[in-house]
Amino acid sequence: MDTNDAKSYFSVRLLEWYDVHKRDLPWRRSRNPYYIWISEVMLQQTRVETVIPYYHRFLERFPTVEALADAPEEQVLKAWEGLGYYSRARNLQAAVREVKESYGGRVPDSKEEISSLKGVGPYTAGAVLSIAYNKPEPAVDGNVMRVLSRYFLLRDDIAKPSTRIGIEKLARELIPEGKAGDFNQALMELGATVCTPKSPHCLTCPVMELCAGRLEGIADELPVKTKAKPPRPERRAVAFIEGAGEEAGRILARQRPKEGLLASMWELPHVLLPETMPEPEAAGADAAAMRFLREKLAAEYGLNVEPTEPMMDAEHTFSHIHWRLRVYRCRFLGLAEGPAVHDGGVANNTADDDGLRDGDVFLWFGEKELGQYALPNVFLKILKQAGVR
Ligand code: SF4
C-alpha cells in the first residue's frame with residue numbers, strides 16, 4: 001500500500017469512527033463561530049471536563065460578540081477565574097472588540113483576517129474556520145501532532161516550528177472534501193480519547209491496521225519532543241493581612257500591574273525572596289523572611305504590616321516560573337501615604353484614575369469583592385485553606 005492509500009484510508013476510517021464515537025460536547029451542538037472560538041480558547045491547556053461549566057457560564061454571561069466586547073475586563077477575568085492562563089481571556093476580549101469594530105460583529109471567515117486578531121494563532125484560526133465555516137484549514141495542536149507522528153512514523157522533533165509546519169501541510173492534505181469541520185474534530189477526538197500520550201489504546205483504534213508507529217512497535221516513543229527548560233524556581237513570602245475594626249473579617253488584596261504575568265488580577269501582597277535567604281526549613285528562616293517581607297512591602301508599596309507567624313505553604317507552576325509560597329499572618333499598620341486603600345464600593349478602578357502607580361492598588365476583600373474580582377487559583381486556594389471562602 002502506498003502513502004496515498006494510507007492517507008485516504010486514514011481519513012475515511014477516522015470519519016466513520018467519529019460519526020459513531022464522538023462525544024456529545026456542548027460546543028458541538030452549534031456552528032456559531034463565536035461559540036466555537038470561545039470553546040477552542042478555553043480548551044487550550046485545559047481538560048474538557050473542566051471547560052464545560054465555564055463554557056456554559058461564560059456564554060450565559062457574554063452571549064454575543066457585542067456582549068463580550070462591551071464588558072469591563074474585570075468581569076471577563078472573573079468569569080475566567082480558575083481556568084488559568086488568563087492572557088487567553090484578555091486576548092480573546094481584545095480580539096472580539098476588533099471583530100465588533102472592524103467586522104460588524106461577524107467573526108471573519110478568511111484565514112488572513114481571523115489570523116490578524118489578537119491571540120489567534122494557526123490552531124485557533126484553523127479550528128474556527130473549519131468547524132464553524134467548514135473551510136479546508138488544518139487545526140494542528142499537540143493531539144494532532146501526536147496522532148500523525150505515530151500513524152505516519154514521523155520522527156521529527158515536534159517542538160520545532162518546521163515540524164509543525166510540515167504536519168500542518170500533511171493535515172491539510174488529509175482533509176476530505178466538504179468535511180473539514182468533522183475531520184479536524186475527529187483527529188482531535190482520536191488524540192484525546194484513543195491515541196493518548198501514554199499507552200495509546202491501539203486495539204480500539206480505527207486506523208490501527210495501517211498505523212506505522214504501531215506496526216514498528218514504537219507508538220509509545222512518538223512523537224519526539226525535546227524537553228522545554230524547567231520552570232525557574234522562585235520563593236515568595238505572602239502577606240495575609242486581616243482587617244480590624246470596620247474592616248474586620250476582610251483581607252487586604254493588591255491588584256497586579258496591567259501588563260505581564262496575571263495582569264490586572266487581584267492577589268495577596270507578596271515579595272520575591274532573594275536566593276541568599278535560608279531555606280524554609282533552616283533555623284531562623286521564617287524570622288528572616290518576615291523581616292524581609294515587612295521591609296520590602298513598606299519600601300515598595302508604602303504598605304506597613306507586622307508579620308507575626310507562618311500560616312501555610314502553597315505552590316504554583318506557570319509555564320516558565322515555579323512559585324513556592326510561604327504565607328505569613330500579618331497585622332495591618334497602615335499605608336504610608338495617599339488613599340491607596342479603596343473603600344469596598346470601588347468598581348473598575350485603575351491605578352491611573354487614582355494617581356497611584358500601576359500595581360499599587362489595594363482593596364479590602366470581603367464577600368462582595370470575592371464575588372466580583374478575579375484572583376489567580378493559587379490565592380483562591382490560600383483563602384480557602386484559611387477559611388475565608
Ligand atoms: S494505532 Fe495506536 S498509535 Fe496508531 S494512531 Fe491508533 S492509537 Fe495511535
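User: Why is H8 largely enclosed by the rest of the structure?
Analyst: Helix H8 is largely enclosed because nine of its 12 residues are buried. A residue is buried if 20 or more other C-beta atoms lie within 10 Å of its own, exposed if 12 or fewer, and partly exposed in between, with C-beta atoms placed from the backbone. Helices (H or I, at least four residues) and strands (E, at least two) are DSSP runs, numbered from the N terminus.

User: Before we continue, what kind of model is this?
Analyst: This is a predicted model, in which local features need pLDDT of at least 70 and side-chain atom pairs count only at pLDDT 80 or more, while totals for chains, interfaces and linings use all residues. Residues are numbered from 1 along each chain as its sequence is written.

User: Back to H8: which of its residues are buried, and what do they pack against?
Analyst: The buried set includes Thr124, Ala125, Gly126 and Ala127. These buried residues of H8 pack against helices H2 (33-43), H7 (111-115) and H11 (180-193); two residues are in contact if their C-beta atoms, placed from the backbone, lie within 7 Å.

User: How far does H8 reach from its first C-alpha to its last?
Analyst: Helix H8 (residues 122-133) reaches 16 Å, close to the 16 Å expected at 1.5 Å a residue. The expected span is 1.5 Å times one less than the number of residues. Just after H8, Asn134 takes a positive phi of about 55°.

User: Changing topic, which residues are closest to the ligand?
Analyst: The closest are Cys195, Cys202, Cys205, Cys211 and Ala219, among 15 residues that surround the ligand. A residue is near a molecule or strand if its C-beta atom, placed from the backbone, lies within 6 Å of it. Helices H9 (142-151) and H12 (212-216) are the elements that give two or more residues to this shell, and H9 gives the most, with three.

User: How do the residues of that shell divide?
Analyst: The shell has 11 nonpolar, two polar and two charged residues. Here Ala, Val, Leu, Ile, Met, Phe, Trp, Tyr, Cys and Pro count as nonpolar, Asp, Glu, Lys and Arg as charged, and the others, Gly among them, as polar.

User: What does the domain assignment give?
Analyst: It gives domain 1 (3-221) and domain 2 (232-385), with bounds from an automatic or database domain assignment. Their centres, taken over C-alpha atoms, are 37 Å apart. The contact takes 11 residues from each of domain 1 and domain 2.

User: Which helix gives the most to the side of domain 1 that touches domain 2?
Analyst: Helix H5 (residues 73-80) does, with five residues. By class, that side of domain 1 has four nonpolar, two polar and five charged residues.

User: Where is the cis peptide bond?
Analyst: The bond from Leu222 to Pro223 is cis, with omega near 0°. Pro223 is placed in the loop between H12 and strand S1 (232-242).

User: And Tyr85 and Ser264: buried or partly exposed?
Analyst: Tyr85 counts as partly exposed, with 16 C-beta neighbours inside 10 Å, whereas Ser264 is buried, with 21 other C-beta atoms within 10 Å. Tyr85 has a positive phi of about 45° although it is not a glycine, and Ser264 has a positive phi of about 70°. Tyr85 lies in the loop between H5 and helix H6 (87-102); Ser264 is in the loop between strands S2 (251-255) and S3 (266-267).
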